[in-house]
Amino acid sequence: EYGITKPKGSKVSFHYNAEMEKYHFGEHHPMKPWRLTLTKSLVSAYGMNFAMDNYTSRAATYEELTSFHTDDYIDHLATVAPQPQPLDVENNNPDLRFNLGGSDCPLFEGLYNYCSMSAGASFDAARKICSNQSDIAIAWGGGLHHAKKAEASGFCYINDIVIAILQLLRIHARVLYIDIDVHHGDGVEEAFFSTDRVMTVSFHKYDPQYFFPGTGALEDNGPKSEHNPGAHHAINVPLNDGITDEQYSKLFESVISKVIEKFRPGAIALQCGADSLAGDRLGRFNLLVEGHASCVEFCKKLNIPLVIFGGGGYTPRNVARAWAYETAVAIGQHKNIPTQIPIHTVWRDRFKNESLLPTIHQILGEPRQNRNTQKRLTEIVQHVTEQLRFVNA
Ligand code: V1S
Ligand code: CA
Ligand code: ZN
């Protein structure tokens, strides 16, 4: 299919479990696990599976989940009864222990299976990197960056990224975390606030009063108190609505190249939330598939072992376009695949009324006004450069 064969370059593994699509957060909830099926079907339709090692991921074990989360939180997640659906005013009676059961983090049927499967894929991906069996390991079902040690937050219950990074730290002295989801990667940042072995870098829309989760100011670089080795190891890139491909990819390259030079990570964990694309139901940026994927291309070119996670992304067809294209970047085939989306059943069945012939690049939705000035972006790079003076690896 399209002449894609095993590449001589990077060895890539793809970690996926079709079971994840069966879970539903609720009728009006923006998170649709079904976007993973759409992504996988596009990846297969392009024949990319022939150029990767494909693994059906398993559920993470209790021990793996509690490598980060507290026992009582995991015990509660495993045993809590689902809320009746649909969540109308009558039966929306949230048991807000651990921030569970509200509209953001509903208690849906099979929640524990869903969470442990998401974490299992990310854990397996990290282990493939640790054992040197993969140069790039992909887990689109992970990337749930808001979950805390004993608390759910923003559609995230288990922080699969933290669990994966803890595995990478068994082999690698320093791990770099990069987060291109439109939201601040607060859960991962907080988990590694007091260590100098993990540097976190999040690019996000920042508007403390009006945009979730409200954290991630430029000046927040990790607690500077009591000889904290983790001070200066959190980098935040706060952005405004409407940032374009050109601005974003330039900013990404200048920030990340400076970080790599100073921090010299042994492995990179890249969260690729697709809600930073134009036309996202929750996001506010103007990124196209090319701009979003340029971040993955840049990381691949560094030749540092790389784990790639999913994350947010609320316009499923755009999510599938971006993640399938980024899978092509990982296997070094993005310049060779045809732009026209192959005839494949899931896309056809779902979107039979699409008038245009769909391509992998075209993004649904109207662009927003760009509120990012060159002056501000220069200030950001300046601040990051100053922070990095404190970092010695
Ligand atoms: N923005 C936004 C948004 N939309 C919703 C939502 C909408 C409809 C529903 F039926 C349920 C929830 N919640 C939010 C945000 C959370 C965004 C999480 C992003 C996750 C990620 O992409 O970064 C990673 C997977 N929540 C809020 O803004 C909190 C509220 C403050 C306002 C909305 N209400 C519903 C809850 C409280
Ligand atoms: Ca982010
Ligand atoms: Zn997000």
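Val12 stands opposite Ile136 in E3, where strands (E, at least two residues) and helices (H or I, at least four) are DSSP runs numbered from the N terminus. The model is predicted, so that local features need pLDDT of at least 70 and side-chain atom pairs count only at pLDDT 80 or more, while totals for chains, interfaces and linings use all residues. Residues are numbered from 1 along each chain as its sequence is written, and chains are lettered from A and ligands numbered from 1 in the order in which they are written.

**Exercise 1.** Work out which strands pair with E3, and in which sense.

*Solution.* Begin with strand E1 (residues 12-16), which pairs with E3 in the parallel sense over three bridges; two strands pair if DSSP finds at least two bridges between them. Then take strand E8 (residues 306-309), which also pairs with E3 in the parallel sense, over four bridges, with Ala137 standing opposite Val307 in E8.

**Exercise 2.** Determine whether the faces of strand E3 (residues 136-139) are covered or open.

*Solution.* In a regular strand the side chains alternate between the two faces of the sheet. Here Ile136 and Ile138 lie on one side and Ala137 and Ala139 on the other, and all are buried, which leaves both faces covered; a residue is buried if 20 or more other C-beta atoms, placed from the backbone, lie within 10 Å of its own, exposed if 12 or fewer, and partly exposed in between. Ile138 touches, among others, Val12, Phe14, Ala125 and Ile308, not counting residues up to four places away in sequence, where contact means C-beta atoms within 7 Å.

**Exercise 3.** Identify the buried and the exposed residues of helix H3 (residues 71-79).

*Solution.* The buried residues include Tyr73, Ile74 and Leu77. They are on the same side of H3 because they cover an arc of only 95° around the axis, the arc being that of the directions from the helix axis to the C-beta atoms. The face turned away from this buried side carries the exposed residues Asp71, Asp72 and Thr79, whereas the cover of the buried residues includes helix H2 (62-65) and H4.

**Exercise 4.** Explain why Pro265 counts as buried.

*Solution.* First locate Pro265, which is in the loop between helix H7 (245-263) and strand E7 (267-271). Pro265 counts as buried because it has 23 C-beta neighbours inside 10 Å. Its contacts, not counting residues up to four places away in sequence, are Arg174, Val175, Leu176, Ile260 and Ile304.

Definitions and conventions: Contact = placed C-beta atoms within 7 Å.
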